[in-house]
Amino acid sequence: MSTVIRNGTIVTADLTYRADVLVEGGVIAAIGPGLGGDEVLDASGCYVMPGGIDPHTHLEMPFMGTYSADDFESGTRAALAGGTTMVVDFALPAPGQGLLDALAMWHNKSGRASCDYSYHMAVTWWGEQVFDEMAAVVGQGITSFKHFMAYKGALMVNDDELYASFRRCADLGALAMVHAENGDVVAELSARLLAEGNRGPEAHAYSRPPQVEGEATNRAIMIADMAGVPLYVVHTSCEEAHEAIRRARMQGKRVWGEPLIQHLTLDEGEYFHPDWDHAARRVMSPPFRGKSHQDSLWAGLQSGSLSVVATDHCAFTTEQKRFGINDFTKIPNGTGGLEDRMPMLWTHGVGTGRLTMNEFVAVTSTNIAKILNCYPKKGAVLVGADADLVVWDPEKTKVISAGSQQSEIDYNVFEGQVVKGLPRYTMTRGQVAVMDGEIRTQEGHGRFVAREARPAVNRALSAWKELTAPRPVVRSGLPASGV
Ligand code: DUC
Ligand code: ZN
Ligand code: ZN
Ligand code: ZN
């Protein structure tokens with residue numbers, strides 16, 4: 001069975017042109033004028049683009065005493081409904097748990113996915129077992145390792161652990177990733193706010209000012225530089241962090257920044273809403289920021305100093321948010337966005353003239369496919385690439401509403417926003433998962449995408465023994481006979 005997408009305009013990260021696309025066996029078989037096929041999808045008036053890749057999701061993740069509410073079934077359904085055809089989730093070992101053990105758990109959960117997926121592996125503690133298993137994880141096609149510089153006493157790693165793990169990443173040809181917030185300062189500010197009686201969701205924002213993110217981003221960049229490893233900074237939310245990334249890139253460092261659609265379009269005013277639920281539903285880390293930070297993030301996307309727009313989709317129900325009714329530090333951190341990322345970015349980016357269509361494709365799909373080394377299997381409209389495509393109707397509009405969303409939670413942080421630009425069709429490896437608003441996803445259709453390591457620029461030590469061995473003593477004191 002073949003499918004032809006006819007009469008559309010292909011938009012890639014660097015080209016815009018009219019052609020039909022023939023899909024056969026789950027891949028793009030031909031691109032050109034006047035193609036025929038068994039099934040015809042009409043793309044007149046539409047743009048045919050690489051399906052979106054959301055490189056930052058937390059599906060069914062154990063976190064802050066509960067589990068994020070969207071699993072690989074509802075999460076990938078939401079993704080496809082919004083034009084995203086691949087998600088990259090974080091396999092998260094509990095402190096002390098082996099990486100391979102956590103990976104097996106994630107493979108188990110993701111069996112329900114209806115679009116393709118990959119993982120990043122989180123390094124939540126450090127020891128010889130983690131060191132050893134990192135090689136095995138890379139061997140299984142997971143070549144990016146995420147480190148939390150916040151969540152002290154839970155997921156956070158200290159600088160000595162960060163440096164050791166970054167060196168290991170360099171040695172393995174893997175990408176280092178960070179959640180960059182100074183966890184020590186956040187813990188101190190949180191304790192002080194609580195002691196002062198500041199217990200509501202707005203205190204969450206007070207406890208994580210832009211400086212904690214700017215400081216940690218700078219620190220991670222310097223440590224990555226010393227370890228000789230490329231660095232990807234997740235959820236870059238403020239000018240201080242963006243500035244560090246911008247400077248590093250200008251110095252030739254391999255550093256990438258990832259703003260979220262939430263930070264681009266929602267601001268800190270949300271935390272001062274009189275309704276506790278409204279504010280708590282928007283508690284995530286880093287928190288939403290002021291308008292000047294939003295301007296900085298948009299400028300970064302326009303100039304190329306920021307590379308990828310993601311969601312950090314980590315959805316909790318209102319009931320789960322209420323775990324923190326008397327203490328903001330117990331509100332599960334996270335917001336949804338998987339279904340809304342592409343329409344929101346199109347509306348607020350392409351629709352306002354801030355981004356070109358080609359830039360839209362770059363930051364929603366192609367750039368991350370290249371960074372994560374799965375291009376052009378993903379992120380491309382090329383013969384031989386996976387037929388992960390979205391046929392985008394720039395005239396189609398809707399009002400975002402929890403009542404009509406795919407996510408399992410009972411609200412949407414973008415509730416009431418009008419978006420213009422939505423999928424007419426979403427195709428995952430040749431299968432039409434969204435047909436003119438009708439969701440036809442197939443649970444279990446998704447496949448794991450293995451990614452290759454890249455040779456590192458600098459090679460770090462390769463054995464735990466060497467890493468922990470004392471350095472040779474060359475001079476133990478002053479020279480015997482003066483200088
Ligand atoms: N931030 C969140 O808001 N949720 C999940 C993890 C994170 O870093
Ligand atoms: Zn479900
Ligand atoms: Zn994070
Ligand atoms: Zn995250």
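## Helix H5 and its buried side

In H5, the residues Gly183, Val186 and Ser190 are buried (20 or more other C-beta atoms within 10 Å of a residue's own, with C-beta atoms placed from the backbone; 12 or fewer makes a residue exposed, and in between is partly exposed). Looking down the axis of H5, you'd find these buried residues within an arc of 55°, so they line one face of the helix (the arc is that of the directions from the helix axis to the C-beta atoms). Over on the other side of H5, Ala191 and Ala195 are exposed.

What do the buried residues of H5 pack against? That's helix H7 (210-227), with contact meaning C-beta atoms, placed from the backbone, within 7 Å. After H5 comes glycine 197, with a positive phi near 85°.

## About the model

This is a predicted model, where local features need pLDDT of at least 70, side-chain atom pairs count only at pLDDT 80 or more, and totals for chains, interfaces and linings use all residues. Residues are numbered from 1 along each chain as its sequence is written, while chains are lettered from A and ligands numbered from 1 in the order in which they are written.

## The sheet

Seven strands make an open sheet with parallel pairing, in the order E8-E11-E12-E13-E14-E15-E16. Helices (H or I, at least four residues) and strands (E, at least two) are DSSP runs, numbered from the N terminus; strands pair if DSSP finds at least two bridges between them. At the edges sit E8 (52-57) and E16 (255-257), each pairing on one side only.

Four bridges join E8 to the parallel strand E11 (residues 84-91). Threonine 57 stands opposite aspartate 89 in E11.

Conventions: Two residues are in contact if their C-beta atoms, placed from the backbone, lie within 7 Å.
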